[in-house]
Amino acid sequence: MIEIKDLHKSYKMGSNSLHVLKGLNFSIDEGELVAIMGSSGSGKSTLLNILGMLDEADSGSYTLDGVPIKDLNETKAAKYRNKFLGFVFQSFNLINYKSAMENVALPLYYQKVPRKEREEKALKYLAQVGLKEWATHLPNELSGGQKQRVAIARAMAAEPKVLLADEPTGALDSKTSYEVMDLIQNINDKGNTILVVTHEEDIAHMCKRIVHLKDGVIVEDKKVEQVRAAQYVK
Ligand SMILES: Nc1ncnc2c1ncn2[C@@H]1O[C@H](COP(=O)(O)OP(=O)(O)OP(=O)(O)O)[C@@H](O)[C@H]1O
């Protein structure tokens, strides 16, 4: 599903350059649930932004579902991104003046899905994250965990093959974090490929594989022998 080879990324800072990703290699198969771990500044978000086609590497290759990303022009890249990738962020990124249902329906609006169909779909995805009865509520009437579940429903409504989650539990207490990870494990069980950036060990151990970044290089890439079921950690 995802293959990167010798990926490099630097940021220019005046006359200096900060080499953030230093030749990363890995491949991720369809249906994997992978944690990307590392301390602050190790390059996790930079990597996720490149995988999410929100940023480009300086060199190396990135192939998504068999297509080399470099070969796509801007329009094709945007279409490809919308089709294949869903995003979840630490700060939820919901639109405050839109209801939970309208937030979930938003990607469908951009896909030009007719109104009735997108409302039905939005309700279906809200129901899947256990929030159907909250459909008409605004984000500020929801708890942090509920907001993140709306954000996950919104990402899933576009039916992406790959879900990229950047610190999805970073703003949540432990109990709520586990509820969100339980949802992520359930979505993965249905076949979606999911990458979760985290710096929390216990969250990483709820994934099936951990890729550990340090100073822009992969220092460890291991299968989790006993994946923790988030459902039972309360
Ligand atoms: N747009 C940018 N311009 C300049 N430097 C940047 C930019 N984005 C990130 N950096 C720097 O690149 C390094 C890696 O940042 P990145 O956000 O990828 O790390 P991270 O592992 O996700 O960190 P955190 O856990 O704190 O979010 C950091 O030193 C950061 O300051």
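1. The crossing of helix 5 and helix 6 is right-handed, a crossing being called so if the near helix is turned clockwise from the far one by less than a right angle. The model is a predicted one, in which local features need pLDDT of at least 70, side-chain atom pairs count only at pLDDT 80 or more, and totals for chains, interfaces and linings use all residues. Residues are numbered from 1 along each chain as its sequence is written.

2. The axes of helix 5 (residues 144-157) and helix 6 (residues 174-189) come within 9 Å and cross at roughly 20°, where axes are lines fitted to C-alpha atoms over the stretch in contact and angles run from 0 to 180 degrees between N-to-C directions. The two helices are therefore roughly parallel to each other (angles under 35 degrees count as such).

3. Helix 5 contributes Gly144, Gly145, Gln148, Arg149, Ile152 and Met156 to the contact, and helix 6 contributes Thr176, Glu179, Val180, Leu183 and Ile187 (C-beta atoms, placed from the backbone, within 7 Å).

4. Four strands form an open sheet in the order 2-1-4-5, with antiparallel pairing (pairing requires at least two DSSP bridges between the strands). Strand 2 and strand 5 (67-68) stand at the edges, each with a single partner strand, so one side of each is left without a neighbour in the sheet. Strand 1 and strand 2 pair over ten bridges in the antiparallel sense.

5. Around the ligand there are 13 residues, of which Tyr11, Ser40, Lys44, Ser45 and Thr46 come nearest (C-beta atom, placed from the backbone, within 6 Å of the molecule). Helix 1 gives the largest share of this shell, three residues.

Technical notes
Parallel < 35°, antiparallel > 145°, perpendicular 65-115°, else oblique. Contact = placed C-beta atoms within 7 Å.
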